[in-house]
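Colleague: I have the coordinates open and some questions about the fold. Can we go through them one by one?

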Amino acid sequence: MTLPLCPHPHVYLNSFSALPLKKISTRKIRNSIRALSTTPSEMEQPMRGQRLMEFPHLLAPHKDLMVGLISAVDKRLHGHLLPSSASVPPDAEYYQNQSGASQGSLCINRGVDSSHIDFILTSWLHLSLPNGGAMDITNIQGYLKSSTDAPHFQFELVQCSPTYFIFFLDLIPRKDLVLHPDYLKTFYEDSQLEALRKQLDTQVLEAKPYFSSSLYFRNVVSPTGILVSITCEDGGTTERAEEIIRDNIDPIANEVLELWMDSCVCKGGTTIIEENERDHLEKRDRMIKSRAVEMDLSSSMPIQFGQDVADRILGVIRGVFRI
């Protein structure tokens with residue numbers, strides 16, 4: 001598990017005018033209109049802290065990917081979200097251990113009352129390792145309210161070394177896919193997510209399936225989820241790793257994020273949610289979040305950052321997660 005919540009704990013512990021005219025998509029036009037319609041008061045409040053956007057230890061394409069994903073969320077969902085400062089105090093926005101060798105940044109944007117978004121959590125971690133190396137973890141996850149049954153969004157890219165990384169991307173189902181075939185068809189078959197998974201498998205020969213040691217985690221992810229490890233044997237240089245992130249991971253991650261914002265956040269779920277269904281969705285979501293925190297963060301955070309810092313960060317996360 002990473003901070004915050006990647007549900008596979010072993011990852012954490014073991015390891016313009018001069019330009020030619022182009023056709024403008026209707027999506028870009030809509031986004032531009034939204035940006036122009038933002039009120040001055042909204043513009044005065046930054047959606048997240050500056051330290052989050054620094055990503056100081058990443059490969060250049062990895063940083064570009066994260067900045068691009070966050071910018072896409074800001075442009076498309078600005079009207080859905082509250083500033084992170086409403087949920088994350090300054091001493092949790094950026095933190096480090098006593099030596100400064102391990103560092104982290106946390107951003108949580110809660111959804112406004114009228115939005116299906118519960119919160120969007122974004123983070124990065126730079127973790128010192130016993131062998132003298134370091135691991136860099138970036139994470140974006142979007143949780144929805146029980147007003148919809150649409151899936152949650154999960155993105156994580158773990159840079160275990162300059163030439164070895166782990167990639168996890170999924171729309172986390174919130175219903176049993178055997179009992180609800182319409183849900184499977186709507187969010188996973190009709191959305192062509194499987195084609196994106198196969199695209200990565202075909203284009204990146206270095207990508208190998210990554211099997212979590214947690215059976216619980218394997219049961220949480222969707223059948224179209226991407227979970228791969230990628231090892232680049234290129235004489236210790238980062239050229240191939242950077243190429244894969246820029247040319248393969250970046251476009252797939254952006255496409256899945258756009259899909260989630262379009263089909264899950266803005267359109268909602270597959271049915272009108274009755275009261276008993278809301279209770280079931282809330283219970284399922286709460287169990288997943290609780291297991292994620294207790295199985296990994298509660299033990300790994302004190303090891304990396306010390307008990308005081310761990311208590312502070314975990315307190316913020318538990319408060320937002322309502323666990």
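Modeller: A term to begin with: a crossing is right-handed if the near helix is turned clockwise from the far one by less than a right angle, and left-handed if anticlockwise. Keep in mind that this is a predicted model.

Colleague: Which hand does the crossing of H4 and H9 have?

Modeller: H9 covers residues 239-266, and its axis comes within 9 Å of the axis of H4. By the clockwise rule, the crossing of H4 and H9 is right-handed.

Colleague: Are H4 and H9 roughly parallel or roughly antiparallel?

Modeller: Their axes cross at roughly 15 degrees. Angles under 35 degrees count as roughly parallel. H4 and H9 are therefore roughly parallel.

Colleague: How many residues of the contact of H4 with H9 are nonpolar?

Modeller: The contact also holds three polar and six charged residues. The nonpolar ones number 14.

Colleague: What span does H4 reach from its first C-alpha to its last?

Modeller: H4 runs over residues 60-77, which makes 18 residues. At 1.5 Å a residue, 26 Å is expected. The model comes close to that, at 26 Å.

Colleague: Which residue of E8 is the bridge partner of Pro-209?

Modeller: E7 and E8 (residues 226-231) run antiparallel and are joined by three bridges. The partner of Pro-209 in E8 is Val-228.

Colleague: Which residue in E3 stands opposite Arg-110?

Modeller: E2 (residues 103-110) runs antiparallel to E3, and eight bridges join them. A hairpin of six residues links the two strands. Opposite Arg-110 stands Phe-119.

Colleague: Which residue in the turn between E3 and E4 has a positive phi?

Modeller: E3 and E4 (residues 134-144) pair in the antiparallel sense over 11 bridges. Within that pairing, Ser-123 stands opposite Asn-139 in E4. Five residues lie between the strands of this hairpin. The one with a positive phi, about 95 degrees, is Gly-132.

Notes:
Residues numbered from 1 in each chain as written. Predicted model: local features only at pLDDT ≥ 70, side-chain atom pairs only at ≥ 80, totals over all residues. Heavy atoms only, no water. Helix = DSSP H or I, 4+ residues; strand = E, 2+ residues; numbered from the N terminus. Expected span 1.5 Å × (residues − 1). Pairing = 2+ DSSP bridges. Axes fitted to C-alpha atoms, helices over the stretch in contact; angles between N-to-C directions. Parallel < 35°, antiparallel > 145°, perpendicular 65-115°, else oblique. Nonpolar A, V, L, I, M, F, W, Y, C, P; charged D, E, K, R; others polar.
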